[in-house]
Amino acid sequence: MDIKERNKAYNKYVSAKVPKTKPWPTLFNSFWVGGLICLIGQGINDLILFLAPNISEQSAWAYTLISLIFIASFLTGIGVYDKIGKFAGGGSIVPITGFSNSITSPSVEFKSEGIVYGICVKMFTIAGPVIVFGVISSAFVGLIYYIVYLFI
Amino acid sequence: MEMFLDYLWVFLVGGFVCMIGELLIITTNITSARILVTFVLVGVFLEAVGLFDYISDFAGAGINVPIIGFGASLAKGAISAVKSQGLLGIFTGGLTATAGGIAAAIIFAFIFALIFHSHTKK
Amino acid sequence: MKYDTVKFKRQPKIIGAYSIVGPKEGEGNFKDYFDYIMKNDLFGEKTFEKAERKMIETAITGAIQKAKLKVSDINILVAGDLLNQIISSSYAARAFDFPYLGVYGACSTMAESIAVASTLVDGGYFENVVCCTASHFSTAERQYRFPLELGNQRPPASQWTVTGAGSCVLSQKGKGPRVTMATFGKVIDWGITDVNNMGAAMAPSAMETLLAHFENTKTTPDDYDLIATGDLGKLGSEILIDLMEDKGIKLGLNYSDCGQMYFRRDQKTLCGASGCGCAATVFNSYIMKKLQDGQYKRVLFMPTGALLSTTATQQGESVPGVCHAIVVESYED
C-alpha cells in the first residue's frame, strides 16, 4: 500500500473514531447566553436613550457597544470571560464582547514580554484579521456604490 | 407588553445568530478568529444589499450586538461617505463609522492588560 | 535489523527520582506518588516560563538529593522541554556547575534523555548523569494555541498539558532499578493535520517502535508487567491497540497510557493529559516506586512525541510523531 493511500485510510479511520461533542447542550447554551448578551445590550441602549433623549440613535448604539466592550474587557482581565466562553462557545464569541475578549486576552497574556513588544504587538494577533477583512470588504462595498452613484 | 415583545425579539434573534456561530464551530472546528471574520463579512453583505436595516428595525440589539452589527457599520460608513465625499469615502468611511468600537477595544485592552495578570485555567 | 535496540551491558541504575507537579495535577490519580505539589502554577515567580525553569531546577536538585549524591558528583545533565529553543532546560542548567546536553523529542523527551544518558553511562564515560524533562500548561498553551483568557471551547479530542517536571539520576554504581534496553524511534508521519488530535498523530510512531522492539528483543507484551505510553490519551491509546491488533499483537491489561490515567474523569480534561511533564512525572513517581517495591519487575516505558511547530502547521504540514522506548527492570537482591 503506498503512503498516500495509507494516510488517507488512516485519516478516515481516525475521524470516525474522534469523540463528537453532543450538539444540543452546547447549542442551547450558546443560544441563551448569546441572547442574554444581546438583551443586556438592548437594556443599556434603552437606558442611554432614557437618560439622554436628545442623543442620536447612532450615538446611542456607539455608547452601547463601548459599554459592552468595556464589560467584556474587564471580565477578561479578571479571568471570568474564558469561563463563560468555555460554557457558551459561540454565545460569547459572536457578540461584540467576543471581539473585545479577543483583543484583551492576548494583551493580558503577553504583558510579560513588555508593553511595546508584549501588549502592543500581540494585541491584534486574533482580532487583526477581523479588522483587515472588515476594512477591505467595506472599501469594496464603497467602491461598488461609488460606481453606481457615477451612473445615476 | 410591546416592550416585552421587543425584548423577546432581541433575545431570539441574538440567540439564534450566536447559535449559528456555535453550529459552525462544532461542525467545522474553525477557530474563533475565523468565526468573527465570517460574521463581519455577513454583516458587510447584509448592509450592502440593504437587508440589515430591516432586521435591525425589529431585532435591535439582537443583530447590532453580534459582530454582524460591526460589519454593517463598516459598510454603512463606507456607503454614506462615498455619497458625501466621493472617492475618498471608500477609504475613510468604514473606519470612521467604527472608530468608537475599535478605539474602545484598544484602550480598555491596554488599561486592563496593565492592571491584570493572566490566570491559569483550571 | 531496521531499528537499533541497544542492550546495555553495565545496565545503568536509576538511583534517584523526583517529581514536581502543579495544583491541578496534584489532585489527579497519581497525587499520592508525587514528591512535591505546588500550591500555584507560578511557583513564586513572575511569569509561567520562569516558573517552569524553577520547577526543573527543583526537580534536578531533588533527584540528586534522593540519590544521596552531591551536586559536585554529577558529571552531565541531559534535559529538554517543550518551549522554543528548549529555554526552560537550558536556562535552568545555568544554575548548575556541570555540562549540559539539550535534547528535544517533544513529549517523548523523558525516554529520549534516559536512553541517551544510559548510553553515556554504559559506555563508561560518565559515572552519574541527571535527566530532566518538564512542561507547563500555561507556557505550552500560549506557544501552541491561544491566550489563556480567550473564551473558546476545547475540541473533544484535545488533551491537557501537564504542569510538572520529573528528574532522575543514572549511575554506574549504587542500587536501583536498571535500564536494560533502549529502542530509538524513527520519525513517523501518517498525515494527520488536526493539531488538536495529537493521540492519532503519534499512535503510528508508537506502533512502529513497539513492533521493532518486540522483534529485536524477541519479547512479547506478556514479558512486561507494564507497557506504558506517554500521552497518547484516551483516543490515541485506543488507536494504538487497534493498530497493534492489525499486526497480530494483542495489548492486554498490562498496557496503559500515562496521559489517559493522569486525571480523574471529573477534572474535565477531555482525552487526558499530555506534554513532556506527563510521562516524566508518572515515570519518576508512580512507575519508579512500583519498580523499587518490586511490584513491577520489568517495565517498557515508551512515551511518544509530536514534533510539530505552529509555523509548520500554518504552512499546512501534517504532524510527525516519534517514540522512544526504554526497558527498566527492578533490581535483584
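Helix α3 (residues 57-77) of chain A packs against helix α6 (residues 88-115) of chain B at an angle of about 25°, and their axes are 9 Å apart. Axes here are lines fitted to C-alpha atoms, for helices over the stretch in contact, and angles run from 0 to 180 degrees between N-to-C directions. Helices (H or I, at least four residues) and strands (E, at least two) are DSSP runs, numbered from the N terminus. α3(A) and α6(B) are therefore roughly parallel to each other (angles under 35 degrees count as roughly parallel, over 145 as roughly antiparallel, 65 to 115 as roughly perpendicular and the rest as oblique). The crossing of α3(A) over α6(B) is right-handed, a crossing being right-handed if the near helix is turned clockwise from the far one by less than a right angle, and left-handed if anticlockwise.

Before going further, please note that this is a predicted model, in which local features need pLDDT of at least 70 and side-chain atom pairs count only at pLDDT 80 or more, while totals for chains, interfaces and linings use all residues. Residues are numbered from 1 along each chain as its sequence is written, chains are lettered from A and ligands numbered from 1 in the order in which they are written, and side-chain values use heavy atoms, leaving out hydrogens and water.

Which residues bring the two helices together? From α3(A) come A:Ile66, A:Ile69, A:Phe70, A:Ser73 and A:Phe74, and they meet B:Gly100, B:Gly101, B:Ala104, B:Ala105, B:Phe108, B:Ala109 and B:Phe112 in α6(B) (contact means heavy atoms within 4.5 Å). By class, the contact of α3(A) with α6(B) has nine nonpolar, three polar and no charged residues.

Now follow chain B past α6, to the segment that holds B:Ser118. B:Ser118 counts as buried because its relative accessibility is 17% (buried means under 20% relative accessible area, exposed over 50%, partly exposed in between, with a 1.4 Å probe and protein chains only). Leaving aside residues up to four places away in sequence, B:Ser118 touches A:Val108, A:Glu109, C:Phe48, C:Leu148 and C:Glu149.

Stepping back, chain B as a whole has six helices and zero strands. Its C-alpha atoms fill a box of roughly 55 × 40 × 35 Å along the principal axes. Of the 122 residues in chain B, 50% count as buried.

Chain C is assigned domain 1 (9-171) and domain 2 (178-329), with bounds that come from an automatic or database domain assignment. The contact takes 54 residues from domain 1 of chain C and 52 residues from domain 2 of chain C.

Notes: Ala, Val, Leu, Ile, Met, Phe, Trp, Tyr, Cys and Pro count as nonpolar, Asp, Glu, Lys and Arg as charged, and the others, Gly among them, as polar.
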